[in-house]
Amino acid sequence: SGGQNGALKVCSWEKRELDSTFEWKQPSPIHCVTSVSLGPEELILSGGGDGIVRVWHKGTPQPVQKLEGHELTVTGVTACVSAPHKVLSGSLDCSVRYWDADTGSQVSSCTIDSNRISCLKWINREGSMVVQAGEDSTIRLWDVRAMKKPAGMIVHSHNSRITACDSSADGNMLLTSASGIDGVGCELRLWDRRVGRKLAGALKGHVQSVTCCAFLPLTLSAMSKTQLVVSASEDGTIRTWDLQSSQCLDVATLDTKHSITSLSVCTKPPASLPASSEARLVTSSISGGLGLWSVWRGGNLRLLDEASHEKLLGCKAETERSGEATETSAQEAERPGGRSETAGQEMQRPGPCQAPGRASQAPATRDARNDDQGGGDLAR
């Protein structure tokens, strides 16, 4: 995880302590962090307020590469799973830049006016395609082999700023989330990137900006006979969704109700975890807290453990991004129906799709009237 004080650290949930071989400090706030497997090691990428993307290896006190070229804050960074040296970054300077992380050189770039980037993600099973979105509510697809212009666009995808994006396991579907207030604009949308059209109605239920979203593993989705996704919001809630019915399956929050700033699905859960029945999530909050969650069949959420960034990581700054939680390890908690003995704070359950502090609301369903807004058209 990374914080506003520039600290970049890795912790063990099982040992409740820092990995002393993996603890760095950069001179500017960290706004995005991700990781990708590089053989037996992990390649760590961080983007900062100084416009620099830093490449880190475990056991090295300084970054092994500095990717310099952005003029403003780096707000998104992603790497190709099959070729980790391929890195794409985005910034508030409206540019996307393609890098060779091995040499530290910039391969190509493209700048588009008003394209202030808020998120980008390498598309699964694609060696060259990246999805990117930003403040102009446009989803752009980039082919890093030809960066002079986007390979495709979905315009007017939302009526507000896009905050996060993800791709399905097969790379055919895209998930985006948007900012909003008092329930207006606080939504998720699903897209078929091959034709640039919505696949379902907007997923609505959050009452403040949706800050992050992700597809859940197909093994978990298969148990529920449909694709499941998860989202988190400034309203302090995490929600799971059924894409087939567009319904919210479960909602969870903490007593603190602090805004959640980031969410990652653990790609390498503990070996003791049955891969087909449960998934693990890591969240970060504006208070500096980190949370470890489980998602069960049917989309049921459970908080396994929580710790403050100050207590667990040794810094008091706001945690901005939790990154790719690829090596998170946690002790086994109780199965659903009991109470987690490791949870640092009791989780509130308002009930499915009920906003904290509000009366119960109906599950999010397709709304043809609202679907006409932010329709999304494919442009090439």
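Trp56 is buried, at 2% relative accessibility. Buried means under 20% relative accessible area, exposed over 50%, and partly exposed in between, using a 1.4 Å probe and protein chains only. Trp24 is buried too, with a relative accessible area of 4%.

This is a predicted model, in which local features need pLDDT of at least 70, side-chain atom pairs count only at pLDDT 80 or more, and totals for chains, interfaces and linings use all residues. Residues are numbered from 1 along each chain as its sequence is written, and side-chain values use heavy atoms, leaving out hydrogens and water.

## The aromatic pair

How many aromatic pairs does the structure hold? There is 1 aromatic pair. Trp24 and Trp56 form it, and their rings are stacked, 4.6 Å centre to centre with 20 degrees between the planes. The pair links distant parts of the chain. Trp24 sits in strand E3 (residues 17-25), and Trp56 in strand E6 (residues 52-57), 32 residues apart.

Rings of Phe, Tyr and Trp (its six-membered ring) pair if their centres lie within 6.5 Å. Planes under 30 degrees apart count as stacked, over 60 as edge-to-face, and the rest as tilted. Strands (E, at least two residues) are DSSP runs, numbered from the N terminus.

A disulfide is a pair of cysteine sulfur atoms within 2.5 Å. The count by this rule is 0 disulfides.

Cys165 is buried, with a relative accessible area of 10%.

For Cys213, the closest cysteine sulfur is in Cys165, at 7.1 Å, again too far for a bond. Cys213 is buried, at 7% relative accessibility.

Definitions and conventions. Helix = DSSP H or I, 4+ residues; strand = E, 2+ residues; numbered from the N terminus.
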